[in-house]
Amino acid sequence: RELMERAGHALPDSDFGEYWAMLRWPHSLGQRMEDTQLRLREHRNRFQVELRDDIEQLSEKLVKLGAAVEEFSTFSDDTLADRYYAQVKKIQDSIRAYREAGKKFNSREEIFGMPQTQWSALTDAEKAFEPYEKLWTVAFQYYQEYPRWHEGLFQQLDPESIEAMVVGWVKTLQPLTRVFAALHGPLEVVKQLLTKVEQFKPQLPLIVALRNPGLRERHWKRISTVVGRAIRLTDELTLNQLLGLHLGRHIGALQGIAEMATQEYGLEKALERMQAEWRTVQFALVPANNSYLIRGAEDITELLNDHLLKCQTMLHSPVVQAVESQLRQWEQKLQRVSAVVEEILRVQRLLGWLQPVFTTGPGAD
């Protein structure tokens, strides 16, 4: 600094401070690296302690989870299904949460190079919980659906979904009789539910027959004749009311009426599909000598012939009487359209043959 001042170049104090700071930087950098390494070791040790605490807490929770699952072995009252199902949902949530926590802790163990915790207690709890989960899920569903099926509006019942649910219940419950063979309480619940489901199964044919979408007023009149009293599908009708009329005694006749209704319904829908198909059909017209010609009539002709053939087939059905009037009217329309299209195409062919006569002048030779 004195040398610079003698040369007439005085250094500001700030520049001089920066110079000495630069000289000290290698030493400062080394010190900072040591401080950083120390803080990293402190943080690492703290995180590892926290991780061990978290793992220990989760292990304690898994012990409690196992005890909660074990408690299900004492449940034997299927009428408390809603209460037990609430506990099932709670345990399901806990298992999901513990499984996610376990994965998170394992990933941190991997980062720190620590041995991986296996969570065998969670795996064991899940395996032990599975049959109880199935049992009380079925019990809850049964007590939810049974009143709705019997006391709810009959016209809102879906026979396919009901049948699928009943079959699924039986498929779930039957193996549980072996799983719970040594557990009196759960085994009794399984047997009670199987008995109740089996008692309901004979009602399925009646539901399927009377919830047939093809049933019309005429069919209900036949049903009334069979059972000997007036029966109508009203907004107030329930399955319990139908069972009170002992309709099961006439299930064979009712199924016969329902089968006929299904066939008639098939004819109705086939007619509706044919009519709907024509709503999008259009004739392609092209200008020709101050007039128009039809193009692409082959597809329309093919569709006409196909539908006329379908009409003939449907008219020979043994249950055609229900839609015979509408079907014959539709057939007549198709025949008229077919005749008109055929005549138009005939005229177009004649015009094509005569076109040279009309377009060739007297002086063309």
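In this predicted model, V286 stands opposite L293 in β2.

**The hairpin and its neighbours**

Strand β1 covers residues 284-288. It pairs with β2 in the antiparallel sense, over five bridges. Two residues lie between the strands of this hairpin. N289 takes a positive phi there, near 50°. Most residues other than glycine have a negative phi.

Strand β2 spans residues 291-295, and Y292 is part of it. Y292 is exposed, because its relative accessible area of 55% is above the 50% cut-off. Together with F283 and L285, Y292 forms a nonpolar patch on the surface. The three residues share about 340 Å² of accessible area. In a regular strand the side chains alternate between the two faces of the sheet.

A polar atom of the Q348 side chain lies 2.5 Å from the backbone nitrogen of I294. Q348 touches L293, I294 and R295, leaving aside residues up to four places away in sequence. Q348 is buried, since its relative accessible area of 16% falls under the 20% cut-off.

D78 sits in the loop between α2 (13-71) and α3. Is D78 buried or exposed? D78 is buried, with a relative accessible area of 4%. Its side chain has polar partners. One is the side chain of Y143, in a polar contact of 2.6 Å. Another is the side chain of K196, joined to that of D78 by a polar contact of 2.8 Å. Leaving out residues up to four places away in sequence, D78 touches W136, Y143, V189, Q192, L193 and K196.

**Y84 in helix α3**

Y84 belongs to helix α3. It is buried, with a relative accessible area of 9%. Which residues does Y84 touch, not counting those up to four places away in sequence? They are F72, F75, D77 and W136. W136 is also touched by D78. L173 is 89 residues from Y84 along the chain, and 17 Å separates the C-alpha atoms of the two.

**Two loop residues with positive phi**

W119 has a positive phi near 55°. This residue lies in the loop between α3 (81-112) and α4 (120-151). H246 likewise has a positive phi near 55°. It is placed in the loop between α9 (239-244) and α10 (251-278). Neither residue is glycine.

**Accessibility at a glance**

The table collects the relative accessible areas by residue.

| Residue | Relative accessible area | State |
|---|---|---|
| D78 | 4% | buried |
| Y84 | 9% | buried |
| Q348 | 16% | buried |
| Y292 | 55% | exposed |

**Back to the strands**

Terms used: Residues are numbered from 1 along each chain as its sequence is written. This is a predicted model: local features need pLDDT of at least 70, side-chain atom pairs count only at pLDDT 80 or more; totals for chains, interfaces and linings use all residues. Side-chain values use heavy atoms; hydrogens and water are left out. Helices (H or I, at least four residues) and strands (E, at least two) are DSSP runs, numbered from the N terminus. Buried means under 20% relative accessible area, exposed over 50%, partly exposed in between (1.4 Å probe, protein chains only). A polar contact is a pair of N or O atoms within 3.5 Å; within protein, one must be able to donate a hydrogen and the other to accept it, and residues adjacent in sequence count only if both atoms are side-chain atoms. Contact means heavy atoms within 4.5 Å. Patches are made of residues with over 30% relative accessible area and no salt bridge: like charges are joined within 9 Å, nonpolar side chains (Val, Leu, Ile, Met, Phe, Trp, Tyr) within 5 Å. Accessible areas come from the Shrake-Rupley method with a 1.4 Å probe; for residues, only the protein chains shown count as cover. A salt bridge is a side-chain nitrogen of Lys or Arg within 4 Å of a carboxyl oxygen of Asp or Glu. Two strands pair if DSSP finds at least two bridges between them.
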